[in-house]
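Have the sequence and the model open as you read.

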Amino acid sequence: MRAEILSVGTELLMGQIANTDAEYISKRLPEVGIGVFYHTVVGDNPGRLEECLKLALSRADVVITTGGLGPTQDDLTKETIAKVLGLAMVEDEESIGAIRAFFERRGSVMANNNLRQGCFPEGALILKNDMGTAPGCVITTGDSKYVIMLPGPPKELKPMFDNGVMPFLKEKAQKPLVSKFVRVTGVGESSLEEKIMSLIDGQTNPTFATYAKDGNVTIRVTASDEDGNGNQLLEEAVGKIKDILGDAVYSTEDEELVQVVLNMLKERNLEIACAESCTGGSLAKLITSCPGSSEVFHTGLVTYSEDSKMKLLGVKKETLDKYTVYSEQVAGEMAEGLQKLTGAQVCVGITGVAGPGGGTEQTPVGTVFIGVKYKERLSVTKHCFAGMSRDRVRILSVVNSLNNIRKEMLKDG
C-alpha cells in the first residue's frame, strides 16, 4: 500500500515550525507494510488543500493529513475533505460531550467555536483525542482508499496515531514489513555504500537504504514478512553488514552513539570527564542530556584559554610554545591532566580551530585534535574538517570523540 502524508499549516510552509509529525508517521508506517511515497505541505487555504487532496487520492491508497482540525476559521481540513468526497458534515454527540468535559476538567470557559471540532464527514470512524480537544477520524472512500485526519500538535498526534491509526492500518495491510537500523560511524556514506554494494545490487527482499546525519550513517534494512521469515532475513542481512564493516557498526538497535557509549561505560563501571576547548562544552552537554548519565559523568571543563589549560589541566607552557595550542601534544596533556585532576578512568581532551578565523597554514580551520586517556593508555587523533562551518566542526568533533572513546573500550573487550 502506498501512503501520502499531507501536512496542513501555513506555519510549516514558512519554516516557523519543523514538520516532526510527518517524520514520526513515516518511521512507523513500514511496520504495517505501508510505504510512504509522498510528503506534501500546504497552507491553510481550502482551494489549494482541495487540489493537493485530489492529487494525493489519485496516487496513494492511504492519505494521512495532519493539522487543520482546530476550532478557528482557518482550520478547514475536515470541511475540505468532506467537500472533495461529497460527504455531509454531521455532529458526533460523543465527541462534543468529550470536548465539553475537557474544558470542565480544567475549569475553563469553552468558546462556542470549539464545538466545530465535534463535527465530521458523514460515516467517519472517530479517533478519540485524550490529550486535546480535536478528535481525528478515518474515512473509507468508495474505491477502498483511506483518508485519515490527525491533529497537528505532536503530543496529540502521536498517541492517537499509535493507539488508533496503527491498529486500524494493521488490519488493512497487505504485506507487513519489518525493519532494522544499523548505525555506523567513522565511515562516510559514499564509502559505506561502496563497501556494501554487493548487498545492495539486485536487492529485492530485504532492501537497503542509507542516510547520513551528523557524521554517522544509518542503514535501514527492510524485509517483507509475508511468509513469516522477515526477522530471519533481517538478522542474516545485518550479520553480513557487520562482517563487512566490523567495529564501525556501533548499534543494530537504532541507538544514538552517545547512548551506546554511556551504556558501555556503565557496563564497565567507568567514569568519564571532559576537557573541551573548541567544542565549548558540547560533548559534556550531549552526554549529560541522556537520562542516567549521572552514573558515569564525573566532570566537564571548558578550558578555552591557554591560561586555563595550564592552571587547571597542567598543560606545560613549553608544550604550548613549541607545538602551539592546536596540537597533538596539547590534546594529550589535556586528557592526562584531567585524569590527574579528577581520577576518572576515561578522560577526553579536545583542542582545535573551529573557525571561521584563527587558522594557519600548518593548522587550517577545521583541524581538531582529540586526546583520550583510557585508564593508563593515551591515544590522540587528528581530524581535518576543512571547508565546514563552525557548528559543523564542533558537531563532528563531538561525534569523533565519542567514537574514539568507544574504540578504546572495545580494545578491552
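Which helices each supply at least two residues of the lining of the largest cavity? Helix 3 (46-59) and helix 4 (77-85) do. Helices (H or I, at least four residues) and strands (E, at least two) are DSSP runs, numbered from the N terminus.

Before going further, note that this is a predicted model, where local features need pLDDT of at least 70, side-chain atom pairs count only at pLDDT 80 or more, and totals for chains, interfaces and linings use all residues. Residues are numbered from 1 along each chain as its sequence is written, and side-chain values use heavy atoms, with hydrogens and water left out.

**Overall picture**

The chain holds 15 helices and 17 strands, and its C-alpha trace spans about 80 × 55 × 40 Å along the principal axes. Of its 413 residues, 48% count as buried (under 20% relative accessible area; exposed is over 50%, partly exposed in between, with a 1.4 Å probe and protein chains only).

**Cavity and pockets**

On a 1 Å grid over the protein atoms alone, a cavity is a set of points where a 1.4 Å probe fits but cannot get out, while a pocket is an open set with protein on both sides within 12 Å along at least five of seven lines; lining residues have an atom within 4 Å of a point. Grid points are joined across faces, edges and corners, and a volume is the space filled by probe spheres set on the points.

The whole structure has one cavity of 30 Å³ or more. Among the residues lining the largest cavity are V8, D44, L49 and T80.

| Space | Volume | Lining by class |
|---|---|---|
| Largest pocket | About 1200 Å³ | 19 nonpolar, 11 polar, 12 charged |
| Second largest pocket | About 370 Å³ | 10 nonpolar, 10 polar, six charged |
| Largest cavity | About 50 Å³ | four nonpolar, four polar, two charged |

For those classes, Ala, Val, Leu, Ile, Met, Phe, Trp, Tyr, Cys and Pro count as nonpolar, Asp, Glu, Lys and Arg as charged, and the others, Gly among them, as polar.

The largest pocket has 42 lining residues, with K27, F181, Y211, T218 and D254 nearest its centre. Strand 11 gives the most to this lining, at seven residues.

For the second largest pocket, helix 1 (10-13), helix 2 and helix 6 (154-172) each supply at least two lining residues.

Most residues other than glycine have a negative phi, and most peptide bonds are trans. D254 sits in the loop between strand 12 (249-251) and helix 10, and is partly exposed, with a relative accessible area of 39%. D214 also has a positive phi, of about 50 degrees. The loop between strand 10 and strand 11 is where D214 lies, and D214 is partly exposed too, at 31% relative accessible area.

Which peptide bonds are cis? The one from N205 to P206 is, with omega near 5 degrees, and so is the one from G355 to P356, also with omega near 5 degrees. P206 belongs to the loop between helix 8 (197-200) and strand 10, whereas P356 is in the loop between strand 15 (346-352) and strand 16 (367-374).
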